[in-house]
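Please look over the structure shown here, and then read the notes on its contacts, its helix packing and its nonpolar cores.

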Amino acid sequence: MATNLRKPSVDSSPSFSETDDEGVRGTCEDASMCKRFAVSIGYWDDPYIQHLVRLSKERKAPEINRGYFARVHGISQLIKSFLRKTECHCQIINLGAGMDTTFWMLKDQDLLPSKYFEVDFPMIVTRKLHSIKYKPLLSKPIVDLHSEDALQIDGHMLDSKRYAIIGADLRDLSELEEKLKKCNMNTQLPTLLITECVLVYMTPEQSTNLIKWAASTFGTAMFINYEQVNMDDRFGQIMIENLRRRQCDLAGVETCKSLESQRYRLLSNGWETASAMNMMELYNRLPRTEVSRIESLEFLDELELLEQLMQHYCLCWATRGGAALGLKEISY
């Protein structure tokens with residue numbers, strides 16, 4: 001990186017085995033490449049993803065591209081609502097962030113929170129850090145916002161004034177909290193936590209513990225979760241079987257039975273309000289001008305397949321505290 005980054009002499013990164021999680025890490029690659037492809041044909045603008053993810057030689061199906069557009073749009077709208085309610089005096093913690101570019105996009109829109117944290121498997125963080133170090137478009141915003149002489153960086157962590165990326169296992173909450181606090185996580189600040197297709201790869205007990213930890217750690221908070229839903233039907237079973245063939249087990253699929261089960265998981269583990277919407281409903285609420293624009297990008301042969309796919313993913317959000325800020329009013 002053409003900036004002043006210093007590497008400590010001691011690497012304090014975790015030493016746990018990750019061999020059992022190879023299939024889960026593979027889903028990060030798949031999702032990143034789908035987003036990269038959708039951006040390349042004009043679904044939405046993202047000048048940063050090309051510096052983190054290679055462009056797939058294989059064309060993605062139109063229903064996949066539209067699904068990712070709805071996913072990115074829906075999560076982005078909820079994030080911006082939270083930032084406006086808190087006037088950006090808050091922090092965001094993206095759990096299982098992968099190659100996500102939200103930090104850079106928010107900076108361009110002058111909507112950065114006080115600090116933005118990303119957490120993922122150490123192997124994924126190492127890869128992302130390599131791109132950040134050697135791609136000026138990624139490194140410059142981090143350095144420009146940093147008032148100290150040098151950033152703290154090692155193989156599995158980078159900490160700066162406004163951005164931190166941490167290699168950690170979300171199933172080990174003591175390690176997660178320790179590393180976040182080391183990077184100056186402030187439990188007194190309004191906090192937005194984001195999980196995109198993360199909880200479903202954890203056992204119900206592990207995801208419950210994470211949701212409870214988030215609710216008990218931050219007095220004023222919002223939780224956004226995007227993942228599968230309606231997985232008890234035939235289409236859902238086919239999705240599960242396809243992932244199993246790729247050595248990727250949906251360990252937490254039993255919590256993805258319905259929108260009600262998704263809401264209940266949040267409400268029964270410390271969150272005061274919870275909403276959930278399947279992605280077809282969200283798609284139908286998208287601005288009509290945007291829908292017309294993306295539907296003109298490529299022809300979709302089977303509308304029924306799009307509907308089936310979208311009805312098996314959902315966007316959920318929950319709040320705790322923040323009455324004076326109006327967090328409970330946030331909706332899509």
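Thr-27 touches Tyr-201 and Cys-248 when residues up to four places away in sequence are not counted, where contact means heavy atoms within 4.5 Å. The model is predicted, so that local features need pLDDT of at least 70 and side-chain atom pairs count only at pLDDT 80 or more, while totals for chains, interfaces and linings use all residues. Residues are numbered from 1 along each chain as its sequence is written, and side-chain values use heavy atoms, with hydrogens and water left out.

- Thr-27 is found in helix α1, which covers residues 22-40; helices (H or I, at least four residues) and strands (E, at least two) are DSSP runs, numbered from the N terminus.
- Thr-27 is buried, with a relative accessible area of 16%, given that buried means under 20% relative accessible area, exposed over 50%, and partly exposed in between, for a 1.4 Å probe and protein chains only.
- Although Thr-27 and Cys-248 are 221 residues apart in sequence, they are 8.3 Å apart in space, C-alpha to C-alpha.
- Arg-36 also lies in helix α1, and at 15% relative accessibility Arg-36 counts as buried.
- Not counting residues up to four places away in sequence, Arg-36 touches Ile-49, Gln-50, Val-53, Arg-54 and Leu-55.
- Arg-36 and Asn-65 are 29 residues apart in sequence, and their C-alpha atoms are 9.9 Å apart in space.

**Helix α5 and its packing**

- The buried residues of helix α5, which runs over residues 136-144, are Leu-138, Ser-139, Pro-141 and Ile-142.
- Seen down the axis of α5, these buried residues fall within an arc of 160°, so they line one face of the helix; the arc is that of the directions from the helix axis to the C-beta atoms.
- The elements against which the buried residues of α5 pack are the helices α3 (102-108) and α4 (122-134), together with the strands β4 (151-154), β5 (157-159) and β6 (163-167).
- Two packed helices are described by the angle between their axes and the distance between the axes.
- For α4 and α5 the packing angle is about 85°, and their axes are 5 Å apart, where axes are lines fitted to C-alpha atoms, for helices over the stretch in contact, and angles run from 0 to 180 degrees between N-to-C directions.
- That makes α4 roughly perpendicular to α5, since angles under 35 degrees count as roughly parallel, over 145 as roughly antiparallel, 65 to 115 as roughly perpendicular and the rest as oblique.
- In this contact, Ser-131, Ile-132 and Tyr-134 of α4 meet Pro-136, Leu-138, Ser-139 and Ile-142 of α5.
- The residues of the contact of α4 with α5 divide into 5 nonpolar, 2 polar and no charged, where Ala, Val, Leu, Ile, Met, Phe, Trp, Tyr, Cys and Pro count as nonpolar, Asp, Glu, Lys and Arg as charged, and the others, Gly among them, as polar.

**The nonpolar cores**

- In soluble globular proteins, nonpolar side chains tend to be buried together.
- A nonpolar core is a set of buried Ala, Val, Leu, Ile, Met, Phe, Trp, Tyr and Cys residues joined through side-chain atoms within 4.5 Å.
- The largest nonpolar core has 78 residues, of which Ile-79, Tyr-163, Ile-224 and Leu-315 touch the most other members.
- Helix α2 (residues 62-86) gives the most to this core, with 8 residues.
- Leaving aside neighbours within four places in sequence, the contacts of Ile-224 include Ile-75, Leu-78, Ile-79, Leu-192 and Trp-317.
- A second, separate core of 35 residues includes Ala-168, Leu-170, Val-198 and Cys-314.

- Ile-330 has its place in the segment after β10 (313-320), and at 6% relative accessibility Ile-330 counts as buried.
- Leaving aside neighbours within four places in sequence, Ile-330 is in contact with Leu-78, Ser-81, Phe-82, Lys-85, Met-222 and Trp-317.

**Loop residues with positive phi**

- Asn-184, in the loop between α6 (173-182) and β7 (191-196), has a positive phi of about 70° although it is not a glycine.
- At 54% relative accessibility, Asn-184 counts as exposed.
- Gln-247, in the loop between α8 (234-245) and α9, is a residue other than glycine whose phi has a positive value near 60°.
- Gln-247 is exposed, with a relative accessible area of 66%.
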